[in-house]
Amino acid sequence: MVIINDFSISFEGIQVIDKVSFEIASNTILGMVGESGSGKSLTSLALMGLLPKNATIYGQVLFNGEELLTKSEKEFQRFRGNKISMIFQEPMSCLNPTMTCGKQVLEILQIHTTLSKKEMKNEVISLFEKVKLPRAEQIFNAYPYEISGGQKQRVMIAMAIACKPQLLIADEPTTALDVTIQKEIITLLKELQKETKMSILFISHDLNLVSEIADEVIVMYKGQFVEQGEAKAIFKNPKEKYTKALINSKPKEGVRLKKLPTVHDFINETVENIVFSEEERKIYHEKIYNTKPFLEVKNLEKSYISKTFLFTKPTIVKAVHNVSFSLYKGETLGLVGESGCGKTTLVRTILQLEEVSSGQIFFEGKDITQINAKELKKMRKEIQIIFQDPFSSLNPRKTIGEAILEPMTVHRIFSNKKERKAYVLELLKNVGLATEHFNRYPHEFSGGQRQRIGIARAIAVQPKLLICDESVSALDVSVQAQILNLLNDLKLKYNFTYIFISHDLSVVKYMSDQLLVMYQGKIEEIGDADEIYKRPQKEYTQKLINAIPKGI
């Protein structure tokens, strides 16, 4: 169906994809894996005719015998959404917030079909049912902000399959989704592929996911193919160093390494598989748990009054309900649960960004729910957060040096600017950046580098507690390994305590001493991370663990 020969892309003389050749056969799922910048998304954009105008393209891209690279924009409009369709990574930024979900799917049918308005509406509702959206007719009239992340992704899938395309491109379609919703989306795509016999190009940095869905796999590195073939064969017996490196960068079940191997370690043959033994972990736990709790949350409640219509009685929604736990100095508490379970609300109350409805939060023995504004400012220095998306939390008009210096100035860390700058330069080195990065702007860095900047800014005010809110979710496995190693190194160096939030349970288990599972605002299960992972007591915890892709 798709034949690509000696395909190359360059921008202003810089080669980003170098003479790649591959085929996407009819009725198959082809997985494409590799780090950010390897050329995966550029390849998919070329198939959609969406490459930037300054791209110089060479080679041949044939779709059912038709050359795509020579087509005009007008000719591509016949193909796009009709014969070739695409599901993008972030549905919120792809869906129009001012249009209802139904109307956005209707637009595709209006362009490519001759159906009547009534027939189109019925077709959209039928598509919503096909992608297993609940209350399809209600969602037809709902706006994107009124539905969950998983539901938005289903709307995007409905839009992509509306015209029964022959090729569906799924570019990181599950990256920001909970593990249970991620499993549902993968199952749905496989079912749709079997039913419609379409081909799928599935792009992801999650090798476990690709191994579960793909028939064949292509591994990309720096704009070239390093390995390609049958999925099972490549994942069970990878031949290339780079493929082995990607597979081994993820935390492994049944073993806890002191340091995760990175792609760089594998390529340079400097891998040190030093195991953090159960005995060492036991000694460390005895040390930290024989002290007083560092943070105590007691019977915490946070309620909201839901939106109401005229003459209707408001309802109270309990986002956090009777939550109690203790966190010890030097401990990492893993916090897991699906979207809407109350994780973010709980963290916002600990940061005192949300006022509690009832209950107490003791930080170093003091109830921070009762402190005044002056004490609150002082406490804010002690508890810092590393956000999921560092780019949106950095001011694009400020250099990273200014961004890190700003909170230090507010909290009066050191006595003058010279001392602060010297400390920032040292911090940049500690998080794996260079001193010359001080005067650069956020857009000049990669995703992994921006996450390091976010970490540097959070630790610049010398906090005692760090909250990592999905701080590695959107990163490639190799970059993820680097950041997890960095967080563990900083924990030892600065004696940090972490609350680590993620939807990737294998990562949470690797990082955590204690695991807290939340469901519908309550604590479903709490205890030793390894013990819960091996022997979950609650049905909901078992559901979360069973949803983890176990392809490799």
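This is a predicted model: local features need pLDDT of at least 70, side-chain atom pairs count only at pLDDT 80 or more; totals for chains, interfaces and linings use all residues.
Start with the open sheet of 6 strands. Its order is β16-β17-β18-β13-β19-β20, and its pairing is mixed. Two strands sit at the edges, β16 (383-386) and β20 (522-528), and each of them pairs on one side only. From one strand to the next, the twist averages 20 degrees.

Now look at one pair inside that sheet. Strand β13 (residues 332-336) and strand β19 (residues 514-519) run in the parallel sense and are joined over 4 bridges. Find Leu335, and you can trace its bridge partner in β19, which is Leu516.

Helix α15 (residues 373-382) touches β16 and β17 (465-469). The direction of α15 makes about 50 degrees with that of β16. Helix α19 (residues 477-494) also packs on the sheet, where it touches β13, β16, β17 and β18 (497-501). The direction of α19 makes about 155 degrees with that of β18.

In helix α11 (residues 241-248), the buried residues are Tyr242, Thr243, Ala245, Leu246 and Ile247. What covers these buried residues of α11? The cover includes α19, along with α9 (207-213), β9 (216-221), β10 (224-230), α10 (231-236) and α12 (263-267).

Move to strand β8 (residues 199-203). It is mostly covered, with 5 of its 5 residues buried. In a regular strand, side chains alternate between the two faces of the sheet. In β8, Ser199, Leu201 and Ile203 point one way, while Ile200 and Phe202 point the other way. Which strands pair with β8? Strand β3 (residues 29-33) pairs with β8 in the parallel sense over 4 bridges. There, Met32 has Ile203 as its bridge partner. Strand β7 (residues 167-171) also pairs with β8 in the parallel sense, over 5 bridges. Leu167 stands opposite Ser199 in β8.

Nonpolar side chains in soluble globular proteins tend to be buried together. Here the largest nonpolar core has 59 residues. Those with the most contacts inside it are Phe128, Val155, Leu189, Phe202 and Val217. Helix α7 (residues 149-161) gives the most to this core, with 7 residues. Apart from it lies another core, of 55 residues, with Leu394, Ala403, Leu427 and Tyr533 among them.

Follow Phe128 next. Leaving aside neighbours within four places in sequence, Phe128 is in contact with Cys101, Gly102, Val105, Leu133, Ala136, Ile139, Phe140, Val155 and Ala158. Some of these belong to a meeting of two helices. Cys101, Gly102, Val105, Leu106, Leu109 and Gln110 in α4 meet Met120, Lys121, Glu123, Val124, Leu127 and Phe128 in α5. By class, this contact has 8 nonpolar, 2 polar and 2 charged residues. The axes of α4 (residues 101-112) and α5 (residues 117-130) come within 9 Å and cross at roughly 115 degrees. Their crossing is right-handed.

Finish with Lys534, which lies in helix α21 (residues 529-534). Is Lys534 buried or exposed? Lys534 counts as exposed because its relative accessibility is 53%, and exposed means over 50%. Ile545 is 11 residues from Lys534 along the chain, and their C-alpha atoms are separated by 9.4 Å.

Definitions and conventions: Residues are numbered from 1 along each chain as its sequence is written. Side-chain values use heavy atoms; hydrogens and water are left out. Two strands pair if DSSP finds at least two bridges between them. Axes are lines fitted to C-alpha atoms, for helices over the stretch in contact, and angles run from 0 to 180 degrees between N-to-C directions. Contact means heavy atoms within 4.5 Å. Buried means under 20% relative accessible area, exposed over 50%, partly exposed in between (1.4 Å probe, protein chains only). A crossing is left-handed if the near helix is turned anticlockwise from the far one by less than a right angle, and right-handed if clockwise. Ala, Val, Leu, Ile, Met, Phe, Trp, Tyr, Cys and Pro count as nonpolar, Asp, Glu, Lys and Arg as charged, and the others, Gly among them, as polar. A nonpolar core is a set of buried Ala, Val, Leu, Ile, Met, Phe, Trp, Tyr and Cys residues joined through side-chain atoms within 4.5 Å.
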